[in-house]
Amino acid sequence: MHQTCTQIAEEMTLIGEDDEPPSQHGLNIPSLIVPNLLPFRYNSLIQNSRVQTVRHKTQSTTKTKIFRQTYYPEINDKEWNDWHWQISHRIRTFDRLNQILKLSYNEYHALVNSGVQLPLSITPYYTSLLSVDDPDQALRRSVVPTINEFVKMPCESDDPLGEEHQSPVPGLVHRYPDRVLFLLLDFCSTYCRYCTRSRVVGHGAINAGKDRLNKAIEYIRQTPSIRDVLLSGGDPLTLSDEKLEWVLFRLRQIPHVEIIRIGTKVTTVLPQRITPKLVRMLKKYHPLWMSLHFTHPDECTPETHRACSMLADAGIPLGSQTVLLKGMNDSVETMTELMHELMKMRVRPYYMYQCDPISGSSHFRTSVQKGLEIIKGMRGFTTGYAVPTYVVDAPGGGGKIPLMPDYVEAHTHEKLILNNYENKCFSYPDPLISGEKAVLQ
Ligand code: SF4
């Protein structure tokens with residue numbers, strides 16, 4: 001008897017939280033293939049289901065399961081849930097992507113001309129979330145290059161944040177007095193087309209060799225003002241547990257390093273990376289925080305939910321970072337939905353970034369006014385925790401500058417006139433002290 005797509009989906013579970021991937025307990029994929037399942041049709045057959053509850057045994061979305069049946073029918077759960085397998089089977093060529101997606105003119109010519117700065121790389125898991133026939137789908141736009149990347153505007157540059165000028169040793173950026181950005185490597189399992197560091201990621205210039213890492217650690221050791229180290233890249237969680245622990249252990253030997261943060265996108269593009277073994281190792285280096293990169297609510301799958309739950313259960317405070325992207329998440333509805341999904345996964349919405357003016361990014365950038373409108377449309381209308389801080393990372397190395405809609409109508413000699421989220425006017429007693437000027441609007 002043939003099984004339906006839903007039956008197959010229900011039988012294929014992810015590993016349980018006590019299992020060590022690759023798991024011995026994973027169920028084998030049923031051998032039956034969905035009849036009449038054509039690659040370009042599967043996407044329209046199914047709906048992407050969002051996370052409803054946290055469960056010990058979490059299922060993949062139907063979309064992911066059908067994708068696996070279509071393109072990796074011989075791969076069992078044990079392999080699929082092994083992050084090494086996901087990395088070694090990344091989609092990296094035009095030919096492979098062309099087998100899976102119906103490429104648009106803009107995508108096709110970007111890939112065959114291969115003149116894009118950032119390499120193509122998408123994990124099979126994240127590829128399973130892409131729309132087959134809609135090049136405008138947010139997730140697809142975030143990882144599939146288009147010829148728009150060849151267009152460089154006068155305001156753009158390869159290093160808009162001026163990181164190269166604030167780097168005392170290779171791969172270490174010391175912009176703020178009390179904290180450093182420590183780039184461990186330049187590799188990511190999946191490359192975001194809007195990446196601020198597209199000048200370096202994927203090019204092999206920043207390696208995870210111990211000589212280079214030791215130089216950076218030594219700089220931190222010799223600089224007592226540094227109390228906070230942010231590990232980034234590339235994606236630090238694409239390092240082996242052993243290499244990552246090698247770094248964490250050495251940083252923890254430095255008395256003035258109070259907190260360590262890790263910036264990563266694996267929970268979104270490679271959630272299989274969050275294993276019980278990794279989490280047990282990370283727990284040894286508290287206080288350890290994580291900033292997780294999300295773009296769109298469709299990324300909040302059961303796999304991602306499970307990964308975030310494991311990290312949160314290990315006592316790691318989780319914050320999110322989201323780049324505001326034109327036509328992808330630049331509406332109050334989409335951004336609010338994303339933040340709600342994040343909160344359900346115990347990820348605190350942290351930053352919403354104005355897209356940096358990196359070379360070839362004009363098709364991703366919104367106006368700043370759009371960002372302010374989104375914050376205004378969220379503040380007061382949803383949980384305060386769900387509203388991220390909107391920031392512009394100042395070109396030239398000025399750091400993050402927060403932007404807020406203006407709620408102050410006027411400041412008289414006696415009171416502040418304020419607009420609330422519903423645009424209703426209120427006053428607060430706030431007499432000016434001598435020398436201060438009234439702002440009357
Ligand atoms: S995960 Fe981060 S570093 Fe890697 S490509 Fe995306 S934005 Fe760049």
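Student: In this predicted model, which residue stands opposite Ile260 in β5?

Tutor: Strands of a sheet pair through backbone hydrogen bonds, either parallel or antiparallel. Here, Ile260 stands opposite Leu288. Strand β4, residues 259-264, and strand β5, residues 288-293, run parallel and are joined by five bridges.

Student: In what order are the strands of the sheet arranged?

Tutor: The sheet is open and has nine strands, with the order β1-β2-β3-β4-β5-β6-β7-β8-β9 and mixed pairing. The edges are β1 (172-176) and β9 (399-403); each has a single partner strand, so one side of each is left without a neighbour in the sheet. On average, neighbouring strands of this sheet are turned by 25° against each other, direction ignored.

Student: How many residues of β9 are buried?

Tutor: A residue counts as buried if 20 or more other C-beta atoms lie within 10 Å of its own. Of the five residues of β9, zero reach that state, so the strand lies largely in the open.

Student: Do β8 and β9 run parallel or antiparallel?

Tutor: Strand β8, residues 389-394, runs antiparallel to β9, and five bridges join them. Within this pair, Ala394 stands opposite Gly399. The two strands form a hairpin with four residues between them, and Gly396 in the turn has a positive phi of about 95°.

Student: Which residues surround the ligand?

Tutor: The ligand is surrounded by Cys188, Tyr191, Cys192, Cys195, Arg197, Val201, Gly233, Gly234, Asp235, Lys265 and His293.

Notes. Residues numbered from 1 in each chain as written. Predicted model: local features only at pLDDT ≥ 70, side-chain atom pairs only at ≥ 80, totals over all residues. Near = placed C-beta within 6 Å. Pairing = 2+ DSSP bridges. Axes fitted to C-alpha atoms, helices over the stretch in contact; angles between N-to-C directions. Buried ≥ 20, exposed ≤ 12 C-beta atoms within 10 Å, placed from the backbone.
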